[in-house]
Amino acid sequence: MRATVLDVVRDVIDRHAPEERQLVDDLAGLDYGLVVRRTRRASSGGRSDPLGFGLDTVAALVTPLVLLVVDEACRAAVADGTGRLVNRAATALGRLRPSARRPAAPPEVPPLDREQLASVRRRVHEEAVRRGFSDADGLADSVVARLALAGADEPRADRRDEDGGRQEDGAVR
C-alpha cells in the first residue's frame with residue numbers, strides 16, 4: 001500500500017514542526033474532503049473558524065501549507081493520468097451520494113515525475129517564504145523527498161542490497 005497524503009504531511013511535520021503533530025493526528029480522524037475544503041478556505045481568507053482556529057493561526061502553521069500543496073499535486077497527477085473528464089464525472093457523482101456516506105479517506109500518493117516534483121518544490125518554497133518560514137528550502141526539500149519515496153513502489157522482499165546479499169524485509173543494511 002502506498003503512503004497517503006496525510007502520511008506525507010505527518011512525516012514532514014514530524015521533521016519541521018513537531019509541535020503540530022497533534023493537529024495532523026486530529027485531522028486524520030476527520031473526513032478528508034472536508035478537511036481540505038476548509039483548510040483551503042481558511043488559507044485563502046475565507047470564512048473564519050473553519051476547523052476551530054482562526055485564519056491568523058492557519059497562516060502560521062506548516063500543516064495547512066504542506067497539506068494543500070501535496071493534495072494539489074496528487075489531484076493534478078491523478079487528473080493527468082485519468083483525464084479530466086473522468087475526474088469531473090466522479091465529482092458530479094460524489095455530489096449525488098447521500099450525506100450519510102462514510103468520511104472520505106486521504107488519497108494515496110501517486111508516482112510523480114521530475115517535473116511534478118519540481119513544481120511541488122517551487123510551490124512549497126514560495127508559500128513558505130510568503131508565510132515567513134525561516135527554513136523554506138529545507139521544508140520544500142523535505143516535502144519533495146517524502147513525495148518521491150511515497151510515490152515509489154514498495155520495496156520487494158527479494159531485492160539484493162549493495163553487497164549482493166538478499167534483503168528479506170526491504171531494509172537498508
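The questions and answers below concern a predicted model of a single chain.

Q: What percentage of the residues of the chain count as buried?
A: A residue counts as buried when its relative accessible area is under 20%. The chain has 173 residues. The share of them that count as buried is 36%.

Q: What share of the accessible surface of the chain belongs to carbon and sulfur atoms?
A: The accessible surface comes to about 10600 Å². The part of this surface that belongs to carbon and sulfur atoms is 51%.

Q: Which share of the contacts with a separation of 6 or more is made by residues 24 or more positions apart?
A: A contact here means heavy atoms within 4.5 Å. Among contacts in the chain with a separation of 6 or more, the share from residues 24 or more positions apart is 71%.

Q: Why does the span of helix H1 agree with its number of residues?
A: Helix H1 covers residues 5–16. The expected span is 1.5 Å times one less than the number of residues, so the 12 residues of H1 should span 16 Å. The end C-alpha atoms of H1 agree with this, being apart by 17 Å.

Q: Are H1 and H2 roughly parallel or roughly antiparallel to each other?
A: H1 packs against helix H2 (residues 21–28) with the axes 9 Å apart and at an angle of about 170°. Angles over 145 degrees count as roughly antiparallel. H1 and H2 are therefore roughly antiparallel.

Q: Is Val9 buried or exposed?
A: Val9 lies in helix H1. Val9 touches Val24, Thr63, Val66 and Leu67, leaving out residues up to four places away in sequence. The relative accessible area of Val9 is 0%, so Val9 is buried.

Q: How far apart in space are the C-alpha atoms of Val9 and Val70?
A: In sequence, Val9 and Val70 are 61 residues apart. In space, their C-alpha to C-alpha distance is 7.8 Å.

Q: Which residue has a side chain joined to that of Thr63 by a polar contact of 2.5 Å?
A: Thr63 is in helix H5 (residues 62–82), and at 2% relative accessibility it counts as buried. Beyond its neighbours within four places in sequence, Thr63 is in contact with residues including Val9, Ile13 and Leu23. The polar contact of 2.5 Å joins the side chain of Thr63 to that of Glu20.

Q: Which residue has a side-chain oxygen within 3.0 Å of the backbone nitrogen of Gly33?
A: Gly33 is one of the buried residues of H3, along with Tyr32, Val35, Val36, Thr39 and Ala42. Helix H3 covers residues 32–43. At the start of H3, the side-chain oxygen that reaches the backbone nitrogen of Gly33 belongs to Asp31.

Q: Is Arg114 buried or exposed?
A: Arg114 is in helix H7 (residues 114–130). A residue counts as exposed when its relative accessible area is over 50%. Arg114 has a relative accessible area of 77%, so Arg114 is exposed.

Q: Which residues does Gln116 touch, not counting residues up to four places away in sequence?
A: Gln116 is also in helix H7, and at 22% relative accessibility it counts as partly exposed. Its C-alpha atom is separated by 7.2 Å from that of Ala73, which is 43 residues away along the chain. The residues that Gln116 touches are Ala77, Asp80 and Pro111.

Terms used: Residues are numbered from 1 along each chain as its sequence is written. This is a predicted model: local features need pLDDT of at least 70, side-chain atom pairs count only at pLDDT 80 or more; totals for chains, interfaces and linings use all residues. Side-chain values use heavy atoms; hydrogens and water are left out. Buried means under 20% relative accessible area, exposed over 50%, partly exposed in between (1.4 Å probe, protein chains only). Accessible areas come from the Shrake-Rupley method with a 1.4 Å probe; for residues, only the protein chains shown count as cover. Helices (H or I, at least four residues) and strands (E, at least two) are DSSP runs, numbered from the N terminus. A polar contact is a pair of N or O atoms within 3.5 Å; within protein, one must be able to donate a hydrogen and the other to accept it, and residues adjacent in sequence count only if both atoms are side-chain atoms. Axes are lines fitted to C-alpha atoms, for helices over the stretch in contact, and angles run from 0 to 180 degrees between N-to-C directions. Angles under 35 degrees count as roughly parallel, over 145 as roughly antiparallel, 65 to 115 as roughly perpendicular and the rest as oblique.
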